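Me: I would like to learn how to read a structure of this kind, going from its ligand sites to its strands. Could you take me through it one feature after another?

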Amino acid sequence: MRRWKDIPLWKDVSTKEWTDWKWQVRNRVMDVDTLAEVINLTDEEEAEIRDSMKYLRMAITPYYASLMDPDDAHDPVRKQAVPTSNEIRFKDYEMTDTVWETVDSPHEGLTHRYPDRVLFLLTDQCSMYCRHCCRRRIVGQTDHQRSWEEIKEGIDYIRETREVRDVLLSGGDPLMVSDEFLEKVVREIRKIKHVQIIRLGTRTPVVLPYRITPKLVKMLRKYHPIWLNTHFNHPNEITSQSKRAVETLVDAGIPVGNQSVLLKGVNDCPTIMKKLCQDLTWIRCRPYYIYQCDIAKGLEHFRTSTAKGVEIIEALRGHTSGFAVPEFIIDAPMGGGKIPVGPNYVVSMSDKKIVLRNYEGGIFSFPEVEGDRISVCPPKCKLCKDHPELESNEGVAGVLAGKKLCLIPEGTVREARRKAYQKEKKHAGRRSE
Ligand SMILES: *Cc1c(COP(=O)(O)O)cnc(C)c1O
Ligand code: SF4
């Protein structure tokens, strides 16, 4: 990391300006000529950047740009911020809205996929446009926040939908709106009785740490419980500034989690990920998820095998603090949602014992209880009678709970055959009457 005063372009910038998030946003690096004053680019690289910027705009905060090694094209910060022509090489299997955020959507900008939580996009603007962004279909298109009228419709939906207990504000970056606008949104949502927690998904602690001001956290803490997830991908992003930003949030009682994306040539290595996860716990940021890179258009060059994610978890679990171990997630296309994938620790099971392996490769058994194996509720508990909404009745959990005997997929050949048989039998029955 260079001091900004050592970069000729910013040598006259005062500390007051540099640490002012609005100055940082106003002075983002948005064109090739400015970028060439910050890092060294070959003519070829300059041409590539001009080409690919047509698809997803370039914007790099001066702070994040100062983290780049000016001479290394493989610098992990540079790879996340500087476009390359790989972004305009599309593959047949790639999609625009890969995870169907617009399909599971009652209102523009609101996605209701899981039983008790919604994703709510406040703006399409980010302070820095990540080259691996999977919301590139919307992000940066207008560089604007949504109007209050549009947002009100989303809030009305949340108010009318009693099962929503967790509202995830995202974007773009929800911290690109003013404190006043954000407060207006958070205040309205907080008034809704059935909303238990409000979460923010923001990359500002990493790319614009000056956005986390005492004034912002003072406002947010009035509406607790507020949670926040950010997006560190590499240990080089943990600086005194990003550390201060995370600590300011945590000190205000806002738990901070981290969602990384597995990126080829940036962090697709167990050692880099271990360093990242350990350094995150050092700044009190809890590693939450590592995502398999999405199949959004133009991201082929960033994608790793899914096996790489499993290998990383294998290298972490047991080898380091439990809370330094995130979950590896594949966000399945077509609204399948987040699916955790990881190494297997169960070797085998019988009704007498379960055989497990630990992280060292040791094999151990654990005895099953003998005799009556039907579990009964604690004598005085009536939680599920009083709160039926707490029961998980969907999917396999529903089968285990005895709500369903089986789950049968629709649209199979067997189903069509079965329907045809039934129809035939009905006709035959009529004929014989
Ligand atoms: C990721 C996501 C959430 C939040 O999921 P958690 O696993 O609870 O963090 C909610 N809604 C949508 C549509 C999402 O993609
Ligand atoms: S901060 Fe998130 S939404 Fe914004 S460009 Fe990066 S990945 Fe995309």
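Me: Which ligand takes up the space of the largest pocket?

Reply: Please keep in mind throughout that this is a predicted model. The largest pocket is the space taken by ligand 2.

Me: Which residues surround ligand 2, and how many of them are nonpolar, polar or charged?

Reply: One reads such a shell by listing the residues with a heavy atom within 4 Å of the molecule, and then by sorting them into classes. Around ligand 2 the residues are C126, M128, Y129, C130, C133, V139, G172 and R203, and by class this shell has six nonpolar residues, one polar and one charged.

Me: Where do T111 and L119 stand in the strands?

Reply: T111 stands opposite L119, which belongs to β2. Strands β1 (residues 110-114) and β2 (residues 117-121) pair in the antiparallel sense over three bridges, and together they form a hairpin with two residues between them.

Me: How should I read a sheet, and in what order do the strands β10, β11 and β12 come?

Reply: In a regular strand the side chains alternate between the two faces of the sheet. Here three strands form an open, antiparallel sheet in the order β10-β11-β12. Since β10 (346-349) and β12 (363-367) stand at the edges with a single partner strand each, one side of each is left without a neighbour in the sheet. Neighbouring strands of this sheet are turned by 20° against each other on average, with direction ignored.

Me: How many bridges join β11 and β12, and what does the side chain of R357 contact?

Reply: Strand β11 (residues 353-357) pairs with β12 over five bridges, and L356 stands opposite F364 in β12. R357 is found in β11; its side chain makes a polar contact with the side chain of E314 at 2.7 Å, and also reaches the backbone oxygen of N344 at 3.1 Å.

Terms used. Residues numbered from 1 in each chain as written. Chains lettered and ligands numbered in written order. Predicted model: local features only at pLDDT ≥ 70, side-chain atom pairs only at ≥ 80, totals over all residues. Heavy atoms only, no water. 1 Å grid on protein atoms, 1.4 Å probe; cavity = no way out; pocket = protein on both sides within 12 Å on 5 of 7 lines; lining within 4 Å. Sits in = over half its atoms within 2 Å of the grid points. Nonpolar A, V, L, I, M, F, W, Y, C, P; charged D, E, K, R; others polar. Pairing = 2+ DSSP bridges. Helix = DSSP H or I, 4+ residues; strand = E, 2+ residues; numbered from the N terminus. Axes fitted to C-alpha atoms, helices over the stretch in contact; angles between N-to-C directions. Polar contact = N/O pair within 3.5 Å; in protein donor to acceptor, adjacent residues only side chain to side chain.
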